[in-house]
Amino acid sequence: MKKLLTSLMVLAMALSVITFTPNAVQAKRFKQHLTANLKSISVSWSKVKGTQKYVVYRAKVKRSEETPKKSKFKKIKTVYKRKYTDKKVKKNKYYAYYVKAVKNGKVIKTTFNKDYMDNKCKGFERATIGNGGYGENYTNSRKKLYFYTDVGYNGYSPKKIKFVFYRTVKGTKCTAKKMYLKKTKDGFYYDNTVKAGKTYQYKCKAYVKKGKKKYYSKISKMLEIPAVNFHASYKIESLTKSGVYEQKELEAIFKVSKGDKYDGTTVFLNKVSDEVDTGYYCYEKKDAPEADQHRYSFQLIQYSTDGKTWTDIPDKGVELSSTKPIYLKAKIAVKNDSTETSITFAGSDSKYYCSLIESNGNLLEYNGPGIGEGFANFDLIKGTGKSYQEWD
């Protein structure tokens, strides 16, 4: 009886060593590698000398977590080789693994790492799609739209992945059109079947063909791009006369109209633009020295549709009509670091060489097919302006 109790105690102690929690692992680590497949996740590891068996543990992972804190590791298999293929996992769900090397009932090494836990999902990760239409080589327009695609590497990632696209026209109830699009030499996909002025919504799936069957990723989130001009053009006229105003603030009025029916949506904002390279500035002669240049802060404060009745520009801004002009009232002010005590305003007077309003997003937002921060400039002498989107 004594011998039986002793044997049971030894067995219990051995089992407790194998099933303890990861945080209690004191053994040295060895390396493991996870491979995501279309129907499984494979765990392989380096050889541990003297090992009699390996015990594999698995935990469910929330994708935002590197270490699966909210899911306990559970023993799933004892193996005698250096690889295990786990087929009992759900598609598009993430899992982490670690392995214990056991000899004579004791853990001699483990792959567990408390600082980082690799995780994979069965099959593809969700596909992603982004606006690729602003760059050195490719620019969106009212005739052609560009975008890039990708699929995460924590899922199945063969060398050659293909994508299928689904396109809808914003504001219509049409069924999504399935499309297989061509690529540029640099790997950007493009759609040259768009109609000017319409806004298109795209989603995509990654897929691979195995035999006669195709395997797909989850569909991407929506990408929306208007098929309009990359640069918006405007006509602008200063209704405030040029001159030197003996004051530190001046309210000036401008009349602005849209230059092309295929421009994107322009929204004028009421933010202050007082950085060195933004705001209003003017000078009389070409290549004027800095001392002869006049630079002021600039803020749009009110708008009018008839030039008579004025309304404060709301925080969300005011949209420029595609058919009717808008009147804008702006506050031009001497900058805090300036020594000027009066304002020189050139307006649209051709005797001046330069009379410009420039902005890096404080003046307006332009919903064009580019990507990033909005830029704008208005040449009051020429009576023209433009805006576009630059990289962030």
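User: Why is Asp86 called buried?

Analyst: This is a predicted model, and the values are computed from it. Asp86 has a relative accessibility of 0%. Buried means under 20%. The value falls under that cut-off, so Asp86 counts as buried.

User: What makes the contact between Arg58 and Asp86 a salt bridge?

Analyst: The side chains meet with N and O 2.7 Å apart. The cut-off is 4 Å, between a side-chain nitrogen of Lys or Arg and a carboxyl oxygen of Asp or Glu. The value of 2.7 Å is within 4 Å, so the pair qualifies. The two residues come from distant parts of the chain: Arg58 sits in strand 4 (residues 53-61) and Asp86 in strand 6 (residues 83-86), 28 residues apart.

User: How many salt bridges does a search of the whole structure find?

Analyst: The search finds three. One of them joins Asp191 and Arg167, at 2.8 Å from N to O. Asp191 is in strand 15 (residues 189-191) and Arg167 in strand 12 (residues 162-169), so this pair ties together parts 24 residues apart in sequence. Both Asp191 and Arg167 are buried.

User: What makes Lys170 and Glu224 a salt bridge?

Analyst: Their closest N and O atoms are 3.1 Å apart. That is within the 4 Å cut-off, so the pair counts. Lys170 lies in the loop between strand 12 and strand 13 (177-179), and Glu224 in strand 18, so the bridge ties together parts 54 residues apart in sequence.

User: Why is Lys170 called partly exposed?

Analyst: Its relative accessible area is 45%. Buried is under 20% and exposed is over 50%. The value of 45% lies in between, so Lys170 is partly exposed. Glu224, at 37%, is partly exposed too, because its value also lies between the cut-offs.

User: How do you know that Lys221 is exposed?

Analyst: Lys221 has a relative accessible area of 65%. Exposed means over 50%, so Lys221 passes. Lys221 is in the loop between strand 17 (213-216) and strand 18 (223-226). It also belongs to a patch of positive charge on the surface, with Lys60, Lys72, Lys74, Lys90, Lys93, Arg126 and Lys218.

User: Why is Asn140 called buried?

Analyst: Its relative accessible area is 1%. That is under 20%, so Asn140 is buried. Asn140 is placed in the loop between strand 10 (127-131) and strand 11 (145-151).

User: What makes the approach of Asn140 to Tyr146 a polar contact?

Analyst: A polar atom of the Asn140 side chain lies 2.7 Å from the backbone nitrogen of Tyr146. The cut-off for such a pair is 3.5 Å, so 2.7 Å is within it.

User: Is Thr51 buried or exposed?

Analyst: Thr51 is buried, because its relative accessible area of 18% is under 20%. Thr51 lies in the loop between strand 3 (41-45) and strand 4. A polar atom of its side chain is 2.8 Å from the backbone oxygen of Val48.

User: What makes the phi of Asn104 worth a look?

Analyst: Most residues other than glycine have a negative phi. Asn104 is not a glycine, yet its phi is positive, at about 55 degrees. Asn104 is in the loop between strand 7 (94-103) and strand 8 (106-110). With a relative accessible area of 57%, over the 50% cut-off, Asn104 is exposed.

User: Where is Asp287 found, and why is it called exposed?

Analyst: Asp287 is in the loop between strand 23 (279-283) and strand 24 (294-304). Its relative accessible area is 67%. That is over 50%, so Asp287 is exposed. Its phi is positive as well, near 55 degrees.

Definitions and conventions
Residues numbered from 1 in each chain as written. Predicted model: local features only at pLDDT ≥ 70, side-chain atom pairs only at ≥ 80, totals over all residues. Heavy atoms only, no water. Patch = residues over 30% accessible without salt bridge, like charges linked within 9 Å, V, L, I, M, F, W, Y side chains within 5 Å. Areas by Shrake-Rupley, 256 points an atom, 1.4 Å probe, with all protein chains shown as cover. Lys, Arg positive; Asp, Glu negative; His and termini not counted. Charge placed at Lys NZ, Arg CZ, Asp CG, Glu CD. Helix = DSSP H or I, 4+ residues; strand = E, 2+ residues; numbered from the N terminus. Buried < 20%, exposed > 50% of the residue type's maximum accessible area, 1.4 Å probe, protein only. Polar contact = N/O pair within 3.5 Å; in protein donor to acceptor, adjacent residues only side chain to side chain.
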